[in-house]
Amino acid sequence: MAESTVLNLVLWLPVLGMLALALAPRITDRAVRGFTFGVMLLQLVLTAWLYARFDGAVPGLQFESKVSWIGDWGVNYHIGLDGLNVLLVALTAFLGPLVVAGAFSAITQGVKLFHSMVFFIQFAMLGTFLAQDLFLFYVFWEAMLIPMFLIIGIWGGERRIYATVKFVLYTAFGSILMLAAVIYLVWSQQQATGALSFAFADLGGHPLSLEAQSWLLGAFALSFAIKVPMVPLHTWLPDAHVEAPTAGSVILAGVLLKMGTYGFMKLGFPLFPDATRAFTPALLVLSVVSIVYGACLALVQSDIKKVIAYSSISHLGYVMLGLLSLDLIGIQGAIVQMVSHGLVAGGLFTMVGMIYERCHSRAIADYGGLAKLLPVYSVFFAILTLASIGLPTTSGFTGEFMALLGAFNAFWPQHVAGNSLPLAMAILAVSGVVLGALYMLWLAERLLFGPVKAPHQPFQDLVARERAILVAFVVAIFALGLFPREPLAKTELAARDYQQRVMSTRLPVEVAP
Amino acid sequence: MRMDLLTLIVLLPLAGFFLNGLLGPRLGKGFVSVVGCGLPILAFFATLRAFTQLQASDAGALAETAYTWAIVGDFRFEIAFWFDRLSALMTLIVTGVGSLIHIYSTGYMKDDPGYARYFSYLNLFLFFMLLLVLGRSLLVCFVGWEGVGLASYLLIGFWFDDPAKAAAGKKAFITNRIGDAGFLLGMFLIYHALGTLDFDAINAAFNGPVAPAVSASLVGLLLFVGATGKSAQIPLHVWLPDAMAGPTPVSALIHAATMVTAGIYLVARLNGLYLHAPEASQVIAVVGLATAFFAATIAVVQTDIKKVLAYSTVSQLGLMFLALGVGAYGVAVFHVYTHAFFKACLFLGAGSVIHAMSGEQDIRKMGGLAKKIPITFVTFAVATAAIAGIPPLAGFFSKDEILWFAFASEYGGSPVLWALASFSALLTSFYMFRLLWLTFLTPSRMDHEAEHHVHESPVSMTGVLVVLAILSAIGGFFHVYDFLEPVMPMPVENEALEHLKLPLIGIAIAVAFAGLAGAFLVYRGGLATAERLQQRFAGLHRVLSGKYYVDELYEAVLGKPLHWVSEHVFLNVGDRTLIDGSLHGLTSLAQRTAGRLSRVETGNLQFYLLLAVIGVALSLAWMWGNG
Amino acid sequence: MDRTQLLLTLSIALFCLGLVGVMIRRNALVMLMCMELMLNGVVLSLVTFAAHSGTLSGAVLVFLVFVVAAAEIGIAIPIVLLLARQRHTLDVGAYSGLKG
C-alpha cells in the first residue's frame, strides 16, 4: 500500500539525509542547514499526510511493513502506526524542523557533523516509536544514545563530558538489564510455543508466573523509569539539560523523555499485567513523589534550564499517574500530556536558547525586566509559562485535567472499598498544580518583571525566524488545548486496548490433577 | 442567528482582546478606546436581547452548545452555555458594569503608555468572566475561573516595573490556585458520582428522589474551598488587599464587582447541591461571618483609600457567604447586584480622588476635597450611604434581607449569626463614613503642592460615577430574589420569629446611623481624636494594622519551610548527597577497584609468564582431579 | 628403567629446564635459547613416542617443529636486536611500557 511506503520513507529519510551530508564534498554551513531543514520539513509534510489518513476507528496497526530480517531468530523489520505512537510520531516530525531552525545561529563549529547527528537521532527516535518487533525496538533504543552522547559531548557547555557520560552510563545500565529481560522473555516464549519470535504481538500470549513477571517488569521498568525520568533515577536529567546545546535540550525534552513513558505504555505494563497491578501502589508513590519533589526542587534552582528540567520531571509524573489509573480518561490524558509536555518544554528550552545566544548566561540572577527589553520575547515566554502551569485553553490543561480526573475516577471506588493509598496519592498530585504555578510564576517574575537587568546589552528582540518557530509551538499548544477531540479520537482504540491488556491476566492456569 | 447568541456574547470581548493586543499599539488610542469599550457595550445589548428571548420563551433557560471539546468513551465534554435568570442577571452585571468601567478607564488610563495592553487585558478578563457565568458545566466554568485568575494576574501586575506590584499579581494567582485545587477535587467527585458536569443535571440529581452516592457536604466543601480562593474568604483572603497594586478601574471591576463574586455565583448556581449539604452550608455561613467580622475590624484602621475599600469588599463578600450558608441564595445574589453598583462607584470614586490628588492614596494627607471635586464627593457620599445601609438606598435592602435570614432561616439561622453580622454592619458603616469624612469633609491636610493641582475628573470618569451612584440609590427597589425565585427558592423562615421582622429592620437602620454618628464624632475635626484613641488602644491598633499578622504567619508556616525543605532536604540531602552521592560513590568504587586490579599488569614479562604457567598447572591439576 | 621412559624423562627434564630458564633469566637471548630448549624437549618426546609406537607421524612432526622453530628464531632475533638498539640493553625488565 502506498501509505506503508510513505511510512518507511518517513523513517529512512533522515538516513538518506545523513548519507547525503557524509558524501557531499565541500559544502557550506548555510547549505548544510538549509538542506537539513528542507529534509525535516519534507518529513513533516509526509507525516502530516499519514496523520490525516490515520483512521481512529480501525483497531491494530496501520500502514504496516513487515520484512523478515534475521529469520533464524524470528526477528522481523516490522513497523506500523497505531493509536499509541501516532501522536508521538507526529510530535517528533513536528519538532524536527523546529530544532534545526532553532540551531541556525547557535551551532557554528562542526556544522555538518551536528546535522548528521540530528538526522541520526531523528531516525533512532522514530524507529523506537514505530518498531513492532522487540529486537528492532531494542536496537533503536540503544541507537539513540550515540548521537545524543556526541551532541552533548561536543557542542555542550562546560561540564559537558561529565553530563554526557552520566547520561550514557545511566541509560546503558538500565538497557543491560532490559536486554537480559528481553532474552529471557523471548526464550520463555519459545519454551511455551516452540517458535522463536520477537514480535510484540507474539510475546504477550504465553503464561508467565507472577514471579517471572515481577522480575521482567522490574528490569524493563528500571530502564524506562530512568528515561521518564522518575525519582530517584532522575539526576542525569538536570545535568544533561544544562550542558546540552539548545537543540539537544529540545530533542531531549521534546521526544527522548517520552521514550520512557512510551515504553511503559507499549511494553512494560501490557506485557506484565499481573505484576503491574501488584506494583501499582509503589509505582504510584514514585510518580507522585516525582510530581512533588520535582516541583519543590524547581523552586530553588539558580539556572533557568535546571528549573525547566525539574519541571519536566514533575510534569511527566502526571503521565505515569494517568497510565496507572487504568481509567480511559486517565490514559487518554496521559497520552495528551506526553505530547503537551513535548511542545511546552521544547518551546521553553528554545526560548532559553534564544536568550542565551544574546546574553551568554543561564543564571536567573543575571536577568530582570525582560518585558521591557524584549517585549515580543516576553509575550511568548508568558504564554509558554501559562501552558506549563496548565492554564485551561492550553494543552497543559487538557493533559493534566484528564489524567487527574481519570486517576480520581479510578481511585475513589478503591478508597470506598478500603484501599486508600491510590486516592491519597491522587490528592497529593493535585497539589502539583499549585506548586507548578509557584515555581513557573516565580521564574517569570524574576526574568520578565522588576528592574531591567541583562548582560551584553543592547540586543535585538526576536527576529522573524525565531518568531516563526515560537508561533508554531504556540499554535500547536492552543490547538491541542482547545480542540483535543480529533487527536483523542485517533488514540482511543489503542488506549482501550492498553486498558484491557493491563486489566487482564497471564498467570499460568493451574491444571487440575 | 438566535441560537448562537450566547456564543456571540462570549466571543465579542475575546475579539477585543485580539484586536487591541495585536493592532492596538499601531492604530492608536482612538481605535483602542472604540474597540475596547464598544465590544463590551455590544455584548451588553446582546445580553439584553437574550434576556428578552428568555422571558418570551417557556423554557426556564436558553441552552447553546458551541462545540465538543473531547469525547472519551461515552462521555462528551461539551463547551456549552446556559442562560437562565441567574446567568442573565450575572451577565447583565458583568457586561453592564463592565462597560461602564471600560468607559471610565478611557479617562483614567489616558496618559498611560500601556493603554492598548490595558484594554486588551480588560477585554480578555471580560471574555473569561462571561465563560464563567454562562458556562453550562463545571468544566466551562472552570476554564473561565482560571482565566479570570490569569487576567487578574496580568492586570494587578500591570505596572510590572515595580517588583512589589508584580509580586502582588503572583500572590493573587497562587492563592487562587490553592482554591482551584479544591475546586478540581470537588469536580472530580461529582463526575465520578453523577457522570456529568452540567449544573442543571447536578442540581436535578441532588433535588431528585434518589440521593447520589457521594456526600453532598464533601463536594460542597471542596467547591467552597475554590470559592474561598476566588472570593477572598478566610484563609485565602490575603491576596485581595495586595491586589490594590493594580490600576483602580481594575480594582473596581475585578476585585469588587465581578471576579470576586464568582465564588458566590458558584454556590448559588449549585443551590440544589447545597440545600442538601447542611454541614457544608454551616461551614460556609461561619466562614463568611468570620471573614465579614475580621475584615471589618481591619478596615477601621487602614490609611490607604483603596485598602479600606479592599477590606470592605472582603467583608461584604463574607456577608454574601453568610446568606448562602443559611440557604438564602437569592438574597446573596441580590447583595452581589447592589454591591456591584456601590462598590464600583466607591472604587471609581477613589480613582477619581487619586487622579485629583496626582497619585496620593493616603487618607491622612487628604481632607476638604468636597468643595474641590463636588461630583466625585456627591457620588462617593451616595455610595457610602448605600454600603452603610441607609434607607432607601440599595445597600439597605440587600443587607437587611441578609440580616433577617441570618436570624430567621430554618436552614441554620440563629441570633448569634445575626448579632455578629449586625456588629459587622455597624463597623462597616463606621469605617465607610470615617473614609468619607477624612477624605472629603475634614479640614484639609493636603500637601500644598498636591492641593494646587486638585481638579475634577473628566466626563468619561464622572459620568460613570453618576450612573453608578443613581443605580446605588434606586437599584434596591428591584427585588432580585423574587426574580430569581424560580431558579433558587427562598429558604424557609422560622414562623415563630415573624413578628421580630420589623423590629430587626429598625435595629438595622439604627446601626447604620450609629456608624454614621460614631464616625462623625471621632473624625469631624480631623485626626486628633483618632490619634488619642490610637494611643490608648495601642496594642489593639497594632494587631489590626498588622492585619492580624496572617501574611507573616503564612510566610513562616508555609513559605519559608517550603523553601527550606526544598533547598536543604530535597536538593542537598536528597539529590546531591543521597542520589548523586551514591552514584559518584559507585563510580569512584569502580575506579578504585580497577586501579587496584590493574596492578597485576606489572609490565614484567616474566611475571606474566609465571601467572600463565600457574594457570596451566592449575587447570591440568583440575582436569586430572576430575578424570 | 625402560628406554622409552628414560627418554621421556629426559625430554620432560629438558622442557622443564627450558621453562624455568625462561621464567628466571632476564636476558632476552638467553630466554630465546631456553625456549629452544623447551621445543627440543618436546621434539625428543615426539621422536620417542614415534619410535615406541612404530608410526611415522611423530617423526614427520619433528620436521614441522624444526621449521617453525627456525622461522621463529629468524623473526625473534631481529626483533630483539631492534629492541636492544632502542634501550641499549638486553634486560627484559626494561620493556615494561605496558605497565598498569
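User: Before we examine individual residues, how is the word "buried" to be read, and how buried is Phe405(B)?

Analyst: Buried means under 20% relative accessible area, exposed means over 50%, and partly exposed lies in between, with a 1.4 Å probe and protein chains only. Phe405(B) has a relative accessible area of 1%, so Phe405(B) counts as buried. This is a predicted model, in which local features need pLDDT of at least 70, side-chain atom pairs count only at pLDDT 80 or more, and totals for chains, interfaces and linings use all residues. Residues are numbered from 1 along each chain as its sequence is written, chains are lettered from A and ligands numbered from 1 in the order in which they are written, and side-chain values use heavy atoms, with hydrogens and water left out.

User: In which helix does Phe405(B) lie, and which residues does Phe405(B) touch?

Analyst: Helices (H or I, at least four residues) and strands (E, at least two) are DSSP runs, numbered from the N terminus. Phe405(B) belongs to helix H16 (residues 394-408) of chain B. Contact means heavy atoms within 4.5 Å. Leaving aside residues up to four places away in sequence, Phe405(B) touches Val326(B), Ala328(B), Val331(B), Gly413(B), Met490(B), Pro491(B) and Glu493(B).

User: Which residues of helix H10 of chain A are buried?

Analyst: In helix H10 (residues 236-243) of chain A, eight of its eight residues are buried. They are Trp236(A), Leu237(A), Pro238(A), Asp239(A), Ala240(A), His241(A), Val242(A) and Glu243(A).

User: How is the confidence of chain B to be read?

Analyst: The value pLDDT is the predictor's confidence in each residue, from 0 to 100. Chain B has a mean pLDDT of 89, and 100% of its residues reach 70 or more. Within chain B, confidence is lowest in helix H18 (residues 448-453), at a mean of 79, and highest in helix H10 (residues 262-269), at 94.

User: Which chains have the most contacts, and how much area do they bury?

Analyst: The size of an interface is often given as the accessible area lost when the parts come together. Buried area is the accessible area (1.4 Å probe) that two parts lose on being put together, summed over both. Of the two pairs of chains that touch, chains A and B have the most contacts. Chain B and chain A bury about 4800 Å² between them, 74% of it on carbon and sulfur atoms. In chain B, Trp69(B), Arg177(B) and Phe188(B) lose the most area to chain A, together 15% of what that side buries. The contact involves 46 residues of chain B and 57 residues of chain A.

User: How many salt bridges are there between chain B and chain A?

Analyst: A salt bridge is a side-chain nitrogen of Lys or Arg within 4 Å of a carboxyl oxygen of Asp or Glu. Between chain B and chain A the count is three. One of them joins Asp580(B) to Lys166(A), with the closest N and O atoms 2.9 Å apart.

User: What does chain C touch, and what does chain C bury there?

Analyst: In this interface, 13 residues of chain C are in contact with ten residues of chain B. Chain C and chain B bury about 880 Å² between them, 66% of it on carbon and sulfur atoms. The count of salt bridges between chain C and chain B is zero. Helix H1 (residues 3-24) of chain C gives the most to the side of chain C that touches chain B, with four residues. Chain A and chain C do not touch, and their nearest C-alpha atoms are 23 Å apart.
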